[in-house]
Amino acid sequence: MSQMHWSVVLLTGGCGADGLFDFQRPVLMEPAVQHMMREIPSAWHTITLEDRTACETAGLTGPVMLFEKPVPELTAQDYFRLADLFFRRNTAVVTVRDCIGEPVGILCDAADLSQGQTGDAAVDLTETAVISMARAYEVQCRIQKRTAHRLMENGVCIMDPDGTWIAADAVIGAGSCILPGTMIYPGCRIGRFCTIGPNTVLKQTEVDDRTEINASQIAESTVGADSAIGPFAYIRPGCRVGDRTRIGDFVELKNAVVGDDTKASHLTYIGDADVGNNVNFGCGTVVVNYDGYEKHRTAVGDNCFIGCNTNLVAPVRLGDRVLTAAGSTITDDVPDGAMAVARARQKNKLGWNDARIDAHRSDR
């Protein structure tokens, strides 16, 4: 007879004071049912519970068990023996079946689950019913501690596990360091020897090896190796940032492809753009991608130098080795190797300001 600890979170089927069903309540930054489906994917691959309608369609009106820890030693027969035990103690026990009639899980009420005998397996049961956000927080803390411990055992440095939130499905390479205040949402993959944080938010983001992300937010994008992001950068969905890039403070990217060795060090907006390799964006550059009705794309070739306070009015294409003069508003395509100047010619009016100063003095 095998002995194991089975920590269980019970998700009831009722709607709480917050208007949510228990499987909808966020646990570690995602709906609680996603944790259940991840822990026992073979059992729940045919069930998706994303909203109330899905819950009603699936017939899930009773509580749902979320397994905090996989128990591979248990078979389907073991689960049903356990269900039989619960049934004798609580008539609300039911089973869930998929579309072909095969058993895929067990539902039970949040009864006092002290000891359960399941044939060849002896299971020590503990439970927390997720019936409110307060109880969801308790569950979240347990899952977060287990996630942090697993990552640290595999070589990830987490400076402050209590002040860092990492989704249970996050993949982080050995040698990486996660600093306080960081939130890594579901669907993230981080390479080896990266530094993430402090105060960084990643959502469905992939980060390659040896990249540093400081006090920034990235969503649904990829960042290459040996890059530096932040502080205070915002990479919005749909971006692909290359290797050895520099995306600095108050730089925003949206639906943009940025090539290797490209730098936008500060105060720049790059939206709906395809940027080549080894491009330098001067401070204050704006890719003007919206005409009030539609978004348009901008293309910038390799080895370009974009001067400070340049406006690139889409749709526009810059070839390779292009330089734009500071303060220019570029509305026409620029060929390879050219310099584009689009600003008013400077005129110096000699003595003009001295006369202005003298006039104000005479007024006094």
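What follows is a quick chat about confidence, cores and side-chain contacts.

Me: What is the average pLDDT of the protein chain?
Reply: This is a predicted model, where local features need pLDDT of at least 70, side-chain atom pairs count only at pLDDT 80 or more, and totals for chains, interfaces and linings use all residues. Residues are numbered from 1 along each chain as its sequence is written, and side-chain values use heavy atoms, without hydrogens and water. The chain averages a pLDDT (the predictor's confidence in each residue, from 0 to 100) of 78. A score of at least 70 is reached by 68% of the residues.

Me: Where does pLDDT stay under 50?
Reply: One such stretch is residues 86-126. The model has 101 contacts (heavy atoms within 4.5 Å) beyond four places in sequence for that stretch. Residues 1-8 also stay under 50, with 43 such contacts.

Me: Core next. Which residues touch the most other members of the largest nonpolar core?
Reply: Ile184, Leu202, Leu253 and Ile270 do, in a core of 46 residues. A nonpolar core is a set of buried Ala, Val, Leu, Ile, Met, Phe, Trp, Tyr and Cys residues joined through side-chain atoms within 4.5 Å. Buried means under 20% relative accessible area, exposed over 50%, partly exposed in between (1.4 Å probe, protein chains only).

Me: And which strand gives the most to this core?
Reply: β22, with three residues. Strands (E, at least two residues) and helices (H or I, at least four) are DSSP runs, numbered from the N terminus.

Me: What does Leu253 touch?
Reply: Its contacts beyond four places in sequence include Tyr234, Cys239, Val258 and Ile270.

Me: Switching to rings. How many aromatic pairs are there in the whole structure?
Reply: One. Phe232 and Phe250 are stacked, 5.5 Å centre to centre, with 25 degrees between the planes. Rings of Phe, Tyr and Trp (its six-membered ring) pair if their centres lie within 6.5 Å; planes under 30 degrees apart are stacked, over 60 edge-to-face, the rest tilted.

Me: Which ring does the charged end of Lys203 sit over?
Reply: Tyr185, at 4.7 Å from the ring centre. The test is NZ of Lys or CZ of Arg within 6 Å of the centre and within 35 degrees of the ring normal. Lys295 lies over the face of Tyr290, at 5.4 Å.

Me: Last one. What does the His296 side chain make a polar contact with?
Reply: The side chain of Asp291, at 2.9 Å. A polar contact is a pair of N or O atoms within 3.5 Å; within protein, one must be able to donate a hydrogen and the other to accept it, and residues adjacent in sequence count only if both atoms are side-chain atoms.
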